[in-house]
Amino acid sequence: MTDTRPYPFSEPDRLHLDPLYARLRRTEPVTRVRLPFGEDAWLATRYQDVRTVLGDPRFSRAASVGRDEPRTTPQQIGGGMLAMDPPDHSRLRRLVAKAFTARRVEELRPATTAIANELVDAMTPPADLVDHFATPLPVRVICRLLGVPHTDQDLFRTWSEAIVSTTSLSPQQIEEYIGNLHAYMAGLIAQRRVTPTDDLIGALVQARDDDNDRLTEQEMVELAAGLLAAGHETTVTQIPNFVYVLLTNPAKLAELRADPELVPAAVEELLRYVPLGVSSVFARYAVEDVELSGVLVKAGEPVLGSLSAANRDDAVFTDPEELDFARESNPHMGFGHGVHHCLGAQLARMELQVALHTLLTRLPGLRLAVDEKDLPWKSGLLVRGLRAMPVTW
């Protein structure tokens, strides 16, 4: 039995990945860790092991229900659809997946581009890219898709922090905010019962599964709230993260400016390269004994898979520490893997592509308005990102 390490291994340092991940991948790819809350777990750091943990039916999310799940948050964050296995998970996912198909997402691209251009038009230098561009863009898109009044965005932006908070909010605030978010969505659902709409919340109200059973009220509220929060929170964070990486890598920025057609490939590479999460979340529980890289994980034991470590595995990616927009093969796990692969992956890709393309073409002189060391970073959250990003052009 290996020593049990405190996890996360260190406080997040901007977008730097703790070098311990690379050492563990080489010498101890499946190791014991102790998180701030919940039971001890195994942590997998190699790409193939992480794929197995996330995609093999011998590992279960439903088995986390009723367990003291290993986590960095006081509250359990993986309820609802995130705590289900097929076929229950498949039933709920099928109801919303049609709203996130590649075709539906592409239909949103012109409107997303128009919003991005409108936001750039309204900015005067110096401007905070987080407040004036990165936040309103995904918020307005997800509001449009779900049918949420974007005039309420300040409310649900505040409440959504509860979903990703570790220490930024007190346990009482987290409970209050999640309750507020659920009550807000319940109100929108009640409106749709009176006045049906063709947005996603309206569709959920009308949805039935194959047995003609309606979604339960709780399932609808949790689904809608989860889609609203997850549908903007990570993209709001990743837009400034990606811009930060480019502005602090002048050669890569010049490469994209010279050829904006590289933007889709650049987005994929940035999804691989940027470690969004502060640590791994949503443990899977082994339902039988499974061997991972020579380590026997016993039935009933939880395993965390590090997406960030997997995305830097040199067994899969050539020169993984390098940012390479010409990478021929890029099977990154920036959106996870398996049945819980991010439902909004296509939407996030499109938004990130539009954001980068718009900023590169509309603001060719874009640069930081403060010294890089003076940029304020978020803390106390599950994700790492900038609290503000003063830029000029």
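Buried, in this talk, means under 20% relative accessible area. Keep that cut-off in mind. One more point before we start: this is a predicted model.

Let's begin with a serine. Is Ser306 buried or exposed? Its relative accessibility is 2%, so Ser306 counts as buried. Where does it sit? Ser306 is in the loop between β9, residues 302-305, and α13, residues 307-310. Look at its side chain. A polar atom there lies 3.1 Å from the backbone nitrogen of Ala309. Now look further along the chain. Beyond its neighbours within four places in sequence, Ser306 touches Tyr21, Leu43, Ala44, Val50 and Ser280.

Next, an arginine. Arg387 belongs to the loop between β10, residues 367-368, and β11, residues 390-392. Arg387 counts as exposed, because its relative accessibility is 52% and exposed means over 50%. What does Arg387 contact, leaving aside its neighbours within four places in sequence? The answer is Val130, Pro376, Trp377 and Lys378. The Arg387 side chain comes to 3.1 Å from the backbone oxygen of Trp377. For a sense of scale, take Gln172. Gln172 and Arg387 are 215 residues apart along the chain, and 23 Å separates their C-alpha atoms.

Now to the helices. Two packed helices are described by the angle between their axes and the distance between the axes. Our pair is α10, residues 217-247, and α12, residues 263-273. Their packing angle is about 100 degrees, and the axes are 11 Å apart. α10 and α12 are therefore roughly perpendicular to each other. Who makes the contact? From α10 come Gln238, Phe242 and Val245. From α12 come Val267, Leu270, Leu271 and Tyr273. By class, six of these contact residues are nonpolar, one is polar and none is charged.

On to helix α11, residues 250-258. Which residues of α11 are buried? They are Lys252, Leu253 and Leu256. Seen down the axis of α11, these buried residues fall within an arc of 100 degrees, so they line one face of the helix. An α-helix has 3.6 residues a turn, so residues three or four places apart point the same way. Turn to the face of α11 that points away from the buried side. The exposed residues there are Pro250, Ala251 and Ala258. And what covers the buried residues of α11? The cover includes α10, α12 and α14, residues 345-362. That brings back our pair, α10 and α12.

Last stop: the backbone. Two peptide bonds to flag are cis. One joins Tyr7 and Pro8, with omega about 5 degrees. Pro8 is in the loop between β1, residues 4-6, and α1, residues 20-27. Another runs from Pro86 to Pro87, with omega near 5 degrees. Pro87 lies in the loop between β4, residues 59-60, and α3, residues 88-97.

Then there is phi. Ser293 is not a glycine, yet its phi is positive, at about 45 degrees. Ser293 sits in the loop between β7, residues 290-292, and β8, residues 295-297. Its relative accessible area is 33%, so Ser293 is partly exposed. Asp319, not a glycine either, has a positive phi of about 45 degrees. Its place is the loop between α13 and α14. Asp319 counts as exposed, because its relative accessibility is 51%.

Terms used:
Residues numbered from 1 in each chain as written. Predicted model: local features only at pLDDT ≥ 70, side-chain atom pairs only at ≥ 80, totals over all residues. Heavy atoms only, no water. Axes fitted to C-alpha atoms, helices over the stretch in contact; angles between N-to-C directions. Helix = DSSP H or I, 4+ residues; strand = E, 2+ residues; numbered from the N terminus. Parallel < 35°, antiparallel > 145°, perpendicular 65-115°, else oblique. Contact = heavy atoms within 4.5 Å. Nonpolar A, V, L, I, M, F, W, Y, C, P; charged D, E, K, R; others polar. Buried < 20%, exposed > 50% of the residue type's maximum accessible area, 1.4 Å probe, protein only. Polar contact = N/O pair within 3.5 Å; in protein donor to acceptor, adjacent residues only side chain to side chain. Arc of directions from axis to C-beta.
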